[in-house]
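Hello,

Here is the structure we talked about handing over. Please open it and keep it beside this message while you read.

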Amino acid sequence: MTNPPPVRRSDSSPWNWLLIVPVVVPLLTFLYNSEEPRLFGFPFFYWLQFAFIALGVGTTTFVYRMTRPRTAAASATDAPSKGADDVA
Amino acid sequence: MWRDHMTEIVIFTLLFVLVSGMGFVAARWRRPTDLQHLDEWGLGGRNFGSWITWFLVGGDLYTAYTFVAVPALLFGAGAAGFFAVPYTVIMYPMVFLVLIRLWSVSHRHGYVTPADFVRGRFGSPLLALLVAVTGIVATMPYIALQLIGIEAVLKTMGLTGESALARHTPIIIAFVILAAYTYQSGLRAPALIAFVKDTLIYLVIIVAIIYIPSKLGGWGAIFDAADAKFTASPAPNDGITLNTNNQLQYFTLALGSALALFLYPHSITGVLASKNRGVIKRNMVALPAYSLLLGLIALLGYMAIAAKVKPLPGATAGTVDSNTVVPLLFDQQFPSWFAGIAFAAVGIGALVPAAIMSIAAANLFTRNIYKEYFKRDATPAQEAQVSKVTSLVVKIGAVLVIIFLDPQFSIDLQLIGGVIILQTLPAVALGLLTRWFHRGALIAGWVAGMSLGMWMLYQIPNAATKRAHFGGSAFPLSEFGFDTKRTIYVGIVAVLVNVLVAVVGTLILNAAKVPHGEDETRDDDYVADEGDPRVQKDLALDGEPAPAA
C-alpha cells in the first residue's frame, strides 16, 4: 500500500504534564483526612475534596486552551507544537 | 401502602410516559438517511456535538444506581464511600489524552467497539474476543443494577407485591418500554432522554441540598449526627474521616475505579458517538460538573442519618435494603409532588445508562462475535439488525437476573465487573499509547490478572451479610502475609500483575522471536480529526482485513 505523505501532527506538548497534578493530588489521603478546620459546617475532608474538582477543571481547561490547534495559518507552517507552546 | 403515595405515583408515571414518548420520537431526531446502519443505530451517526455528548456521557456514567448506592455507602460506612469524588475527579485528566487517540483511530478504521480496535492494533482475533467477552460480562450486571435503582424507588412508593411476579411487574413494564424504543431509535433515544434525566436530577439535588439541611439544622448538624452514629457503632472502619486501615483502600479504589470506567464498553460508545476530538476534549473539561453533583448526592447519606431514616427490609428476612435510604429521605422530607419528581429523576436516570449499556453490549456481540465467527461478510444493515435483536436479549437477561436471583448477587457481580473490566487495560488503554506489547503476552497478562482477581474476591468475606466469599472489594493485606490490618482494592493488584506479566511476556516472546500480529493502524491514525480524508474511507474491518501498511 502506498502511503500518502504522513501528516505532521502530534498531541504531544509539555503542557500535558500538568495533567498529572489533578490525578495525583486527590489521591493523597493524608492531605485531607481531618475533620478540622470546618467550612460552612463541612469537615475539612469533604470541602477540600470538593475543592479538588475545581483543581481538576482548572487544570484540564488550562491544558486544553494551551494545546488547542492553532488557526489554519499556524498549522499550515506545520510548526511542532512544542516550541510554540513554550513561548505562549 | 401505595395509596398513601398516590401523588408520587401519578407524577412518576406521567414523567415516565413523557420520556418513553421521547424515546420513540428520537428515531426521527437528527434523522439520518438510513437508520439501517450500525453507525447510525449504535453510535447515533457518530455526529454528536459538545452539548449532546455532555448530557449523553454524563447520563451514561452517573447512573441511577450510583445515585442510590453511593449515599447508601456513606449512610452505612461513612467517609470510605466518598471515594466516588476523587475517583471522578482524577478520571478526566487521566483519560484526556487517551480518548482522543481512541476516537481518531476508530474513525479512520470504522471501529465501533474497543475489541474492534484491539483486533486491528494487535492482529489477534483471540485477544479481541477476550476483550469483547470481558466487556459483555462486565456490562450485564451493570444493567441489572439499574433495575435495582428503579426498584428502590418503587419499593418506597409501596408498589411491591408479595409474590415474585407481583413485585417485579412494574419493572418488567418499564423495561419492555425501554427495550422497544431502544430497538427502534438506537443511541438517539438515550441521547434525547438524557436531557430530561439530567435536568430533573440537577433540579432535585439543588433543591435537596438547600431545603433538607435547612430542615435538619444545617450542614454542621448533619455531619455531627453522622459522627455520633459512627462513634456509637461497633464497626471498626466507619467514621466521617478515614483511619489508618482504610486509607490505602480509599486511594486504590478511587484509582482503580477511575482506570476502569472508560474501559466499559458503554463509556466508549458515548465517546465514539461524538463528532470530533474537540468535543471530547471540551467534555473532559465540563464533565466534572457531574462530580460535584455526585459529591452532593453522596452527602444525602448523611442527611438520611440526621433525619433518622430507617431503611426498608431487604429481600431476605432480617436484612435491610440500604438502597432505599435516599428514596425514603425524599419521601420523608419533600412534599409528595416533589418527591414524585425526585423518584422520576432516579427512575429515568436508570433508563439512560441501561439503554446505552445494552447498545454497547449488543455492538460487541455483533462486531466481535457474530461478524468475526458467524458471518464474515455481514453488511452494515445486517450488523444493525443483529445489534437491535441482541439489545433485546441483553435486557431480557438483566430482567431475569433481577427476578430470579437475590439482588445482592448482582451487586456482587458488579463488584466483580469492575475488577474484570480492568483486565482489558493493557490491551485497550496501553494499546492506544504504544504498540510495544506482544499479543501473546497481553493474553497471558489477561489470564493472570483475571485469575488473581477472582481468587482475591473469593477470599473476601462479608460480616454484614454473613457470606464467606465475594463479600467486597477490600482485600486484607494480611492474606499476603503482611502484618497489618490494611486493605487494598482487588482491581489494582490484579491489573498490576496483569501489566507485569504482559511486560515480562513481551520480553520473552521478543527474545524467542515469536512474530507480532499485524498492526493495521499507523501513527497518524491516532491524531486524525473530523474532515480527515481517510475518516470516511470504507471500513477496514469489512470483508478481509486491510493489508498491512
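**Cavities**

The count comes to seven cavities of 30 Å³ or more. This is a predicted model, where local features need pLDDT of at least 70, side-chain atom pairs count only at pLDDT 80 or more, and totals for chains, interfaces and linings use all residues. Residues are numbered from 1 along each chain as its sequence is written, chains are lettered from A and ligands numbered from 1 in the order in which they are written, and side-chain values use heavy atoms, with hydrogens and water left out.

A cavity here is a set of points, on a 1 Å grid over the protein atoms alone, where a 1.4 Å probe fits but cannot get out. Grid points are joined across faces, edges and corners, and a volume is the space filled by probe spheres set on the points.

The second largest cavity holds about 80 Å³ of space. Its lining (residues with an atom within 4 Å of a point) includes B:Phe67, B:Ile201, B:Leu300, B:Phe330 and B:Val346. Four helices of chain B each give two or more residues to this lining: H4 (64–77), H9 (188–216), H16 (325–333) and H17 (336–374). Helices are DSSP runs (H or I, at least four residues), numbered from the N terminus. By class, the lining has twelve nonpolar, no polar and no charged residues. Nonpolar means Ala, Val, Leu, Ile, Met, Phe, Trp, Tyr, Cys and Pro; charged means Asp, Glu, Lys and Arg; the others, Gly among them, are polar.

Axes are lines fitted to C-alpha atoms over the stretch in contact, and angles run from 0 to 180 degrees between N-to-C directions. Contact means heavy atoms within 4.5 Å.

Start with H6(B) (residues 114–122) and H7(B) (residues 125–156). Their axes come within 8 Å and cross at roughly 160°. The two helices are therefore roughly antiparallel (over 145 degrees) to each other. On the H6(B) side, the contact residues include B:Val118, B:Arg119 and B:Phe122. On the H7(B) side, they include B:Leu127 and B:Val131. The contact divides into nine nonpolar, no polar and one charged.

H7(B) also packs against H16(B), at about 35° with the axes 8 Å apart. B:Ala152, B:Val153 and B:Thr156 of H7(B) meet B:Pro327, B:Leu328 and B:Asp331 of H16(B). That contact has four nonpolar residues, one polar and one charged.

Next come H20(B) (residues 425–433) and H22(B) (residues 490–511). They pack at an angle of about 65°, with axes 10 Å apart. That makes H20(B) roughly perpendicular (65 to 115 degrees) to H22(B). B:Leu425, B:Pro426 and B:Leu430 of H20(B) touch B:Val495, B:Asn498 and B:Val499 of H22(B). Five of these contact residues are nonpolar, one is polar and none is charged.

**A loop in chain A**

Most residues other than glycine have a negative phi, and most peptide bonds are trans. Look at the loop between H2 (29–32) and H3 (44–67) of chain A, where A:Pro37 lies. A cis peptide bond joins A:Glu36 and A:Pro37, with omega about -5°. A:Phe40 lies in the loop between H2 and H3 too. Its phi is near 50°, a positive value in a residue other than glycine.

Best wishes

Methods. Angles under 35 degrees count as roughly parallel, over 145 as roughly antiparallel, 65 to 115 as roughly perpendicular and the rest as oblique. On a 1 Å grid over the protein atoms alone, a cavity is a set of points where a 1.4 Å probe fits but cannot get out, and a pocket is an open set with protein on both sides within 12 Å along at least five of seven lines; lining residues have an atom within 4 Å of a point.
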